[in-house]
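Let us take a friendly walk through a protein model, from the overall picture down to single residues. Have a look at the sequence and the structure first.

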Amino acid sequence: MSAQGTVSDQPGTPDQPVDTKTLRRAVGASMIGNATEWYDYGVYAYLVAELTTNFFPGRYGQLATLLVYAVSFVLRPLGGIFWGPIGDRIGRNRVMALTIILMAVGTFLVGCIPSYDNIGIWAPIALIVLRVVQGFSTGGEYGGAATFMAEYAPDKRRGFWGSFLEFGTLLGFSGGIVITLILRATLDESAMNSWGWRIPFLIGLPLGLVGLYLRTRMEDTPVFRELEDKQQTEQAATGALRDLLQQYWQPILKLFGLVIALNIADYTLLTYMPTYMSSSLGISSTQSDIVVLIGQLVMMALIWIAGAMSDRVGRKPMWWFSLTAIFVLALPCFWLMGQGLLGAIAGFTILGLVFLPQLGTISATFPAMFPAHVRYAGMAIGYNVATAAFGGTVASVDDALVSWTGNRYMPAFYMMLAMVVGMIALVKVPETAGASLRGRSIPCQEPEPVPADAERERDRAGIHNVSGIRDVSRELGTRGRRRG
């Protein structure tokens, strides 16, 4: 064994864990794609004012900008339906390489669109088209990245290693804020509205190229390679989708409920909050960006602890704590955020910390809800349908609720309702901490029954009898050792 823990030239078999160097590369390949995805979503959210000026001038411009933000989420389920089964058929890594380059190119091209003043209605149309492309590609990105990470990680430390995928989420958001803050500090309002807003989007392309390089240098996951070796992968992408919808609709519904809770909290805190603080609390754009950045840096520093704790105490206790704490603290923290800059920092950071037990464990929790042969599809479809309906719409729903009711605490009420939905779903979710993700059965459940045709075929070949003799011999040997 080398200093880096290498135990095999072909790591990742049940008895031979992946060496540390390979595992770190897998973490980096997954994390950079997630960072690129959320960098784009973060930059869009932080530049709502500039995007409104350039694409939707007028009385309802901000609402239109937020609705276009939600447009990309409409295509995420279709992307999940398309990419997920393919990832179960040809491999996780190949699909992830395609999705990251589509995301990066889409982000880059947003920074190239002429403004409404230059090309009129074609400007918002072009923006919508690119958001559609990005939504379609991200429909396969997160499910693939989470599956890739989970299937590479050791079973007993899947929470710890999986937390770095969400570190990438926070890294992408924070990177978007830092670049936006630098531009606003160095450019006047006219320059920022004219061309400065384009720079963050243009940076998306080199980020994606780095991710593409890392992913193309990785083998596929040990779990998927094992399925290939045993010829247990789906023979057609449509087969994986059919199996998923017919046999695994219950895990999909459970995942749906958890994702509703996760994403309403996530998108409220990480994307809508800068707009909320500026429009509802009277905090300047720069100050609101600083508030969110401070909270995210604290979350980045501590997220690995949430993942590691879930390996020790289980995923469900972490989720119960987070769902309950957010339900209890949402209103007090929103009140605190309305008490000035220091109150905003404190309120946002507290909510961010109690959200970490969800965010830091989803990469270990969600993939384990499905068997290996339909895992990518299950993650991609279940996650993205819920995200499209209840994630991408958070900013526009919260903004509309505050405008219609005049009550600035409506986002808190919305989060509280989402936590209740998550609690209902969590009741029936199995505990999978430490469970193996290999094979065609759901972790922590009984293996799939062998179809009758396969059983008869096995009997003809004598395999059934041989395995029975082997089992009897093993039992007799065990009894003999006990007597001895």
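The protein chain of this predicted model has 23 helices and 0 strands. Of its 484 residues, 55% count as buried.

**The nonpolar core**

In soluble globular proteins, nonpolar side chains tend to be buried together. Here the largest nonpolar core has 121 residues. Met273, Met277, Met337, Phe348 and Phe366 are the residues with the most contacts inside this core. Which helix gives the most to it? That is helix H14, residues 249-279, with 16 residues.

Leaving aside neighbours within four places in sequence, Phe348 is in contact with Leu269, Leu270, Met273, Met277, Val291, Val292, Gly295, Gln296 and Met337. Met273, Met277 and Met337 in that list are also among the core residues with the most contacts.

**Two pairs of helices**

Two packed helices are described by the angle between their axes and the distance between the axes.

| Helix pair | Distance between axes | Angle |
|---|---|---|
| H2 (residues 48-55) and H3 (residues 61-74) | within 9 Å | roughly 105 degrees |
| H15 (residues 285-313) and H16 (residues 315-337) | 7 Å | about 125 degrees |

The angle of roughly 105 degrees falls in the range from 65 to 115 degrees, so H2 is roughly perpendicular to H3. Val48, Leu51 and Thr52 of H2 meet Gly61, Gln62, Thr65 and Leu66 of H3. By class, this contact of H2 with H3 has 3 nonpolar, 4 polar and no charged residues.

For the other pair, the axes cross at about 125 degrees, which makes H15 oblique to H16. On the H15 side, the contact is made by Ala306, Met309, Ser310, Asp311 and Val313, and on the H16 side by Arg315, Pro317 and Met318. These residues divide into 5 nonpolar, 1 polar and 2 charged.

Helix H3 also lets us check a helix length. The buried residues of H3 include Gly61, Thr65, Leu66, Val68 and Tyr69.

Not counting residues up to four places away in sequence, Asp289 touches Tyr46, Ile177, Thr180, Leu181, Arg184 and Pro274.

Thr107 is found in helix H5, residues 92-110. With a relative accessible area of 2%, Thr107 is buried. Leaving out residues up to four places away, Thr107 touches Asp40, Gln134, Phe201 and Gly204.

Thr432 sits in the loop between helix H21 (410-426) and helix H22 (452-460). Thr432 counts as buried because its relative accessibility is 3%, under the 20% limit. Beyond residues up to four places away in sequence, Thr432 touches Arg158, Arg315, Ala364, Ala368, Pro443 and Cys444. You have met Arg315 already: this residue belongs to the H16 side of the contact with H15.

How values were computed: Residues numbered from 1 in each chain as written. Predicted model: local features only at pLDDT ≥ 70, side-chain atom pairs only at ≥ 80, totals over all residues. Heavy atoms only, no water. Core = buried A, V, L, I, M, F, W, Y, C linked by side-chain atoms within 4.5 Å. Buried < 20%, exposed > 50% of the residue type's maximum accessible area, 1.4 Å probe, protein only. Helix = DSSP H or I, 4+ residues; strand = E, 2+ residues; numbered from the N terminus. Contact = heavy atoms within 4.5 Å. Axes fitted to C-alpha atoms, helices over the stretch in contact; angles between N-to-C directions. Parallel < 35°, antiparallel > 145°, perpendicular 65-115°, else oblique. Nonpolar A, V, L, I, M, F, W, Y, C, P; charged D, E, K, R; others polar.
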